[in-house]
Every structure is written in C-alpha cells, then in structure tokens.
Amino acid sequence: MGYYDSTYILVIIGAILALWASAGVKSTYSKYSKVASKRGITAVEAAEQILHGAGIVDVKIERIAGSLTDHYDSSTKTLRLSDTVYNSTSIAAIGVAAHECGHAIQDSEEYVPLRLRHFLVPIVNFGNRLSMPIFILGLLLSMYNTLVPIGIFLFSFAVLFQFVTLPVEFNASARAVAILGESGMVGSTELPKVKKVLRAAAFTYLASAAATTLQLVRLLLIARRRRN
C-alpha cells in the first residue's frame, strides 16, 4: 500500500476515464445547449407534458441551483431541474429533462433495476464507510483471511451498485428518446442531437463503473500479493 505501489496505475486509469467522461458530457451539453428546439418549448414544459402523458400526477417539478445537477428524487416524488435546464428551450435541456422524467416513469412502474438500486443504497453507504478502514486494518494486522476479505466484500457492493445503475440510466435515456420522438416535442432532425447528449451522459456512468471495478481489482491484487 506504499506510495510507489504499482497498482496505483489502476486508480490513475480510472481517474482518467472519469475525467474524460466528465469533460465529454460538459462539452456535448455546452454544444447543444446553444441549439434551440424548433417548437420552442422549455425543458420544464417538456417535463410537464411527459409526466402528464404518462399519467403521473404526484410528481412535482422544482428548480435547483447549479448546472447538470438535475435528478429525480423518488423519496419525495420530486423532479429537480437545474438553473441551466429549467427554462431553457435548447435540445440539450429538453433531453436532460426527458431523461429525468424517464426515472419518474420507472418509479411509477416499479422498474426492477431501479427498485434494486434503491435497496442497495444503504448497503453501499455502509460498505463505503467501512470497507477501506477494515481492508487497511487487515493489512496492518496481517489478517489476510479475515479482515481483508471482509473489506473487499464490503467494497464489492459499490461495484454492484455501479452495474445496477447502468440499466437504470440507459433505460431512462431510451424512454426519453422514444417519448420525445413519438410526441413530436423534438423533430426528426433534432432527435439525433438529443441522443448525443444522453449518450455522453451515459458514458459517465460507464466510466464510473469501470473506475470502481479497477479499484476492486486493485484491492484483490494487493491482498493476493500480501498473502503470498
């Protein structure tokens, strides 16, 4: 676990992937946030239409500070749109709002991967707090058959959570694209641009899953090397 530990290359690779994905989504969003939709509807209006069309009447829409801080909170049935999205008429903003509506629809339909992700949240939070301290303590005390495996086991829930998140996010984007296309809220020439924005956002989740997996591999390699 020293400073020159060769397994740090896995952490570096994960960090590079995360930074690349983050830069990509910001760049793509910035590009298409300058392209106004032909219908001229705002993102909040699009969200209202999508929720209404899905028969969802118990979800409120709020405006929150920041950029790309948009999210759906299932615990309060609240869809939150960021300052840069809420009143924007851009293709990018409408795509983001539609994606968050996709999560609200998943919630209303009790979409299994979303339910599973909710179930995992407290387990992952618990694991994130204890996995590394237990793992490091196991190395310091040479408890390679007890504490070290427990630390790795707890961290593995973070990896599981990342991979459960992927279908949740991909499905929300697929729903968004289908609804926007079928409803005519965006035109046929605009839909590919929406897809690019959502594809860039999806890559951030892929990068996060890859980075977390690489960290797990690193822990396994360290444990194996110390045990040997």
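View 1. Arg80 counts as buried, at 16% relative accessibility (buried means under 20% relative accessible area, exposed over 50%, partly exposed in between, with a 1.4 Å probe and protein chains only). This is a predicted model: local features need pLDDT of at least 70, side-chain atom pairs count only at pLDDT 80 or more, and totals for chains, interfaces and linings use all residues. Residues are numbered from 1 along each chain as its sequence is written, and side-chain values use heavy atoms, with hydrogens and water left out. The side chains of Arg80 and Glu62 form a salt bridge, 3.3 Å from N to O (a side-chain nitrogen of Lys or Arg within 4 Å of a carboxyl oxygen of Asp or Glu). Arg80 lies in strand β3 (residues 78-82) and Glu62 in strand β1 (residues 60-64), so the pair ties together parts 18 residues apart in sequence. Helices (H or I, at least four residues) and strands (E, at least two) are DSSP runs, numbered from the N terminus. Glu62 is partly exposed, with a relative accessible area of 27%.

**View 2. The salt bridge between Arg117 and Glu169.** The side chains of Arg117 and Glu169 meet at 3.2 Å, N to O. This pair links distant parts of the chain: Arg117 sits in helix α5 and Glu169 in helix α6, 52 residues apart. Both residues are buried; Arg117 has a relative accessible area of 15%. Beyond its neighbours within four places in sequence, Arg117 is in contact with His103, Phe161, Val164, Thr165, Val168 and Glu169 (contact means heavy atoms within 4.5 Å).

**View 3. Packing of α4 against α5.** Helix α4 (residues 91-108) and α5 pack at about 90°, their axes 8 Å apart. That makes α4 roughly perpendicular to α5 (angles of 65 to 115 degrees count as such; under 35 is roughly parallel, over 145 roughly antiparallel and the rest oblique). Axes are lines fitted to C-alpha atoms, for helices over the stretch in contact, and angles run from 0 to 180 degrees between N-to-C directions. His103, Gln106 and Asp107 in α4 meet Leu114, Arg115 and Arg117 in α5.

**View 4. The salt bridge between Glu109 and Arg175.** The closest N and O atoms of Glu109 and Arg175 are 3.1 Å apart. Glu109 lies in the loop between α4 and α5 and Arg175 in helix α6 (residues 147-183), so the pair ties together parts 66 residues apart in sequence. Arg175 counts as buried, at 18% relative accessibility.
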